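Here's a quick tour of a protein model, written for someone who likes to see the geometry spelled out. Have the viewer open as you read.

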Amino acid sequence: MYMRQIKIGHMDNFAYLLADDFQRIGTVVDPGWPGDGVARLMQQAEEDGVDIKYIVLTHSHNDHTAGVTELVAKTGAEIVIHEEELPPAAKKGFDYDITVKGNDLLNLGGLELRIIHTPGHSPGSICLYSGGKLFTGDTLFVGGCGRADLSGSDPQQLYDSLFNKLLALPDETEVYPGHDYGDTPSSTIGAERQENRFLKTRSTEDFVSLRMAV
Ligand SMILES: [Fe+2]
């Protein structure tokens, strides 16, 4: 699997450029910001011989989606989003082409992505699993997790998504977050299980009070 992690914009966002090793049909996860952000994604794709055909949105927040319209205009890429993220996405003014739900298995130009529905930060937040790599959007960060005090957030759902869905994955699963908020740009489920203070809480109540306090 081909993968590039690209830091974009003024909020430490990570966009990802993914492709099957052989077909080189590109999928961008969370394009981030227009202008320089989109230009860097396009340049990386061109250097690596990748043809961007798909955009997968981990959720609809502006810092992950502001570059979508420009990237679509330049590539004609199709937009993939979770069905429960549709109303907020519609407000952003872009059309979506493919809607997904939890446990869907997508094949995007030979790249297989498993959709894990992880509500909590937003209703239609998703994490993407492929080949031992997990792209976590704003659900899980290195040493942190997404905010749960925003419109559409639910801290108890975030607890369930983190503890019952992401921590169910093998320790060696590589974690690639939607922001560069940690000591390292990526991590593993095992390391986060041991070191992430949010994942060391021992009850829903403890998690919710820690999450809502900071
Ligand atoms: Fe977000």
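What follows covers the metal site, the pockets, the aromatic pairs and a few backbone details.

## Ground rules

This is a predicted model, with pLDDT of at least 70 needed for local features and 80 or more for side-chain atom pairs, while totals for chains, interfaces and linings use all residues. Residues are numbered from 1 along each chain as its sequence is written, and side-chain values use heavy atoms, with hydrogens and water left out.

## The iron site

Which residues hold the iron ion? The ligands are His59 (NE2), His61 (ND1), His121 (NE2) and Asp138 (OD), at 2.2 to 2.3 Å. Donors here are N, O and S atoms within 2.8 Å of the metal (3.2 Å for Na, K and Ca), and water is not among the atoms, so sites may look incomplete. Along the chain, the donors are spaced as H-x1-H-x59-H-x16-D. Two of them link distant parts of the chain: His61 sits in the loop between β4 (51-56) and α2 (62-65), and His121, 60 residues apart from it, in the loop between β8 (111-117) and β9 (126-130). Helices (H or I, at least four residues) and strands (E, at least two) are DSSP runs, numbered from the N terminus.

Both His61 and His121 are buried; buried means under 20% relative accessible area, exposed over 50%, and partly exposed in between, with a 1.4 Å probe and protein chains only. The angles among the four donor atoms run from 86 to 176°, and the site is irregular. For four donors, tetrahedral needs all angles between 85 and 135 degrees; square planar, like octahedral for six, needs opposite donors over 155 degrees apart and all others between 65 and 115; anything else is irregular.

The largest pocket has a volume of about 330 Å³. Of its 18 lining residues, Phe141, Cys145, Gly146, Arg147 and Tyr181 are the closest to the centre. The search uses a 1 Å grid over the protein atoms alone: a pocket is an open set of points where a 1.4 Å probe fits, with protein on both sides within 12 Å along at least five of seven lines, and lining residues have an atom within 4 Å of a point. The lining splits into seven nonpolar, six polar and five charged residues.

The second largest pocket holds about 160 Å³, and His61 is one of its lining residues, alongside others including Ser60, Glu85 and Lys91.

## Aromatic pairs

There are nine aromatic pairs, counted when ring centres of Phe, Tyr and Trp (its six-membered ring) lie within 6.5 Å; planes under 30 degrees apart are stacked, over 60 edge-to-face and the rest tilted. Phe163 and Phe207 make an edge-to-face pair, with 6.1 Å between centres and 80° between planes. Phe163 is in helix α5 (residues 155-166) and Phe207 in helix α7 (residues 204-213), so the pair ties together parts that are 44 residues apart in sequence. Phe163 is buried at 14% relative accessibility, and Phe207 is buried at 0%. Elsewhere, Phe14, Tyr16, Phe135 and Tyr176 form one aromatic cluster.

Most residues other than glycine have a negative phi. Asp12, though, has a positive phi of about 55°; Asp12 lies in the loop between β1 (2-8) and β2 (13-19) and is partly exposed at 31%. Asn103 also has a positive phi, near 75°, and sits in the loop between β6 (98-100) and β7 (105-108), exposed at 62%.

Technical notes: Grid points are joined across faces, edges and corners, and a volume is the space filled by probe spheres set on the points. Ala, Val, Leu, Ile, Met, Phe, Trp, Tyr, Cys and Pro count as nonpolar, Asp, Glu, Lys and Arg as charged, and the others, Gly among them, as polar.
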